[in-house]
Amino acid sequence: MSEADCTTSITSKSATTSVSDDCKTDRKRPATENEEEPPVKQAQLEDEEEKKSDSQEEETENTEEQKRAEKEVDRVTKKKERVSRQAKFAFDADDDVPMNVPVSIKNGVRHLAPYWTVYRTRAKGRWFGRKLVDVFSQEFLSTNVNYARVATRLGRIWVNGRQMRDVDYVIHNNDTIEHWGHRHEHPILDEEIRIVADTPSLLVIDKPPSMPVHACGQYQIHTVLGQLRERYGITGLRVLHRLDRTTSGILMFARDYETDREFKGTLKEGEWKKEYVCRVQGVFPEEEIEVKEPIGTLVVSMGIQCIRPDGKHALTRFRRMWTDGKETVVRAEIETGRTHQIRVHLQYLGYPIANDKLYNCPDIWPNGGKGAEYGMTYEELGARVQAAHKASLWHEHVNEDYESKMERLATQHELELAVDAPEITRAERPDYDPVCLSCNVTKKEVPMDHFRIFLHCLNYETTKWNYSTPLPKWAEQLSSRVDQNTVEEEKK
């Protein structure tokens, strides 16, 4: 205490006393009514600090609760906006998911009868300012070149909830587009969807090959989501990740928003460990090989990828399991999840997947694509991919008069076919559609390589989840398969 402090005076209720003597002596004077003993004062200070801390914690909790409330309000608002935008569609969403479509099974392959459905989409950025019929023809390569124009003239295209018969209509931002089409779904293998785990928050399955995860192209009921609904009555799932149509293995779905958000958060943080197994062409080296080549899109409409400098970072590690001298079974661990990453990196190494009809097709890739030596521009290479895709319609031989009929319908002044009435329903539409390509082809038997590729998702792991499947039969070493067959024969 300073000398100045000692010479100041304080006033109590009883008297005014100089404290200079108290400052000069070790004696402690009694506390007055307005003062407290040091231990009491200290306790009071601690109580005040504790209350302050509790108040801060409560304030923090309130802030977090407020943030959660704001997020929920934002989510509900966005949902309302989405519903409002969806009002621009002319038809109910249930119109594109018909029920009880007849099924037939032949030689282990599942076939659906054709049916009418509504295809719906929102205008993509690359479509803005372009004619709708041109976009349709260029984006959907499997249709006849005149189909979009004919479908528009027949009143099967709807824009923003209204029937659009103007073949010169230009697409704008926020346009909603619907198309009434006669759907012939591609067949799939009649294989079981094995459920690996079913919890209140997650559904994990062993996906069979041949079916895409969700609706696309000529697949709606013949999808994982469609079959889970048809066979198991399971709906309301949220897709956490995807596997290609021909790929098999671990596939995970969230059952609620919280799990969906948590799981995708771990993806962004790089907490997933993903391991695949594949069978490649050639004798793969014994040592582990790491590939870091960037992957970019080659054909946007088809999702075809290739190694290119302006692509996204991709990292895959490969380890050989066994080889028979002609082909090799390899494990692949990926740290990134680029489209077709394993297939593209194996092609780059010169060991493409043995039955990959896309990245192991000599008609498309000069030098097989090894070392990303393509020998042409990306535009030229993309054109080759599209041409090969059109030429690979192995299961369809188009009837002779179909092409001339479509050209005539696209250009004639007065249509020889009746225009669709706006109120026509699915049930009122005919079983045969004269402008449907699939109604005008001769079918061929589907080759097995169309259904499956030697690529299987073996394991998905995070700090919280770990799910695996057994090796597929094509990945088992030959001696193991022989031993297993012997055991089964002995049991019989």
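These questions and answers go through side-chain pairs, strand pairing and nonpolar cores in a predicted model.

Visitor: What is the angle between the planes of Phe 263 and Trp 465?
Guide: A pair of aromatic rings is described by the distance of the centres and the angle of the planes. For Phe 263 and Trp 465 the centres are 4.8 Å apart, and the pair is classed as tilted. The angle between the planes is 40 degrees.

Visitor: How many residues apart in sequence are the parts that the pair of Phe 263 and Trp 465 ties together?
Guide: Phe 263 belongs to helix 7 (residues 257-268). Trp 465 sits in the loop between strand 22 (455-461) and strand 23 (466-468). The pair therefore ties together parts that lie 202 residues apart in sequence.

Visitor: At what distance from the ring centre does Arg 308 lie over the face of Tyr 378?
Guide: Two arginines placed over rings can be given here. Arg 279 lies over the face of Phe 454, at 4.1 Å from the ring centre. For Arg 308 over Tyr 378, the distance is 4.0 Å.

Visitor: Is Asp 206 buried or exposed?
Guide: Asp 206 meets Arg 194 in a salt bridge of 3.5 Å, N to O. Arg 194 is in strand 10 (residues 194-198) and Asp 206 in strand 11 (residues 202-207), so the pair ties together parts twelve residues apart in sequence. Arg 194 is partly exposed at 35% relative accessibility. Asp 206, with a relative accessible area of 14%, is buried.

Visitor: How far apart are the closest N and O atoms of Glu 275 and Arg 319?
Guide: Side chains of opposite charge can pair when their charged atoms come close. Glu 275 is buried at 12% relative accessibility, while Arg 319 is partly exposed at 35%. The two form a salt bridge in which the closest N and O atoms are 3.0 Å apart.

Visitor: Is Glu 286 buried or exposed?
Guide: Glu 286 and Arg 320 meet in a salt bridge of 3.3 Å, N to O. Arg 320 is in strand 18 and Glu 286 in the loop between strand 14 and strand 15 (289-291), 34 residues apart. Arg 320 is partly exposed at 26% relative accessibility. Because the relative accessible area of Glu 286 is 64%, and the limit is over 50%, Glu 286 is exposed.

Visitor: Which residue of the hairpin of strand 18 and strand 19 takes a positive phi?
Guide: Strand 18 and strand 19 run antiparallel and pair over seven bridges, with Thr 328 as the bridge partner of Thr 323. The hairpin has three residues between the strands. The residue with a positive phi, near 95 degrees, is Gly 325.

Visitor: How many residues are in the second, separate core?
Guide: In the largest core, Ile 342 is one of the residues with the most contacts; Ile 342 touches Tyr 276, Phe 318 and Leu 455, among others. The second core is separate and includes Val 150, Ile 171, Tyr 402 and Leu 409. Its size is 25 residues.

Technical notes. Residues numbered from 1 in each chain as written. Predicted model: local features only at pLDDT ≥ 70, side-chain atom pairs only at ≥ 80, totals over all residues. Heavy atoms only, no water. Phe/Tyr/Trp six-rings, centres within 6.5 Å; stacked < 30°, edge-to-face > 60°. Helix = DSSP H or I, 4+ residues; strand = E, 2+ residues; numbered from the N terminus. Lys NZ or Arg CZ within 6 Å of the ring centre and 35° of its normal. Salt bridge = Lys/Arg side-chain N within 4 Å of Asp/Glu carboxyl O. Buried < 20%, exposed > 50% of the residue type's maximum accessible area, 1.4 Å probe, protein only. Pairing = 2+ DSSP bridges. Core = buried A, V, L, I, M, F, W, Y, C linked by side-chain atoms within 4.5 Å. Contact = heavy atoms within 4.5 Å. Lists of a residue's contacts leave out its neighbours within four places in sequence.
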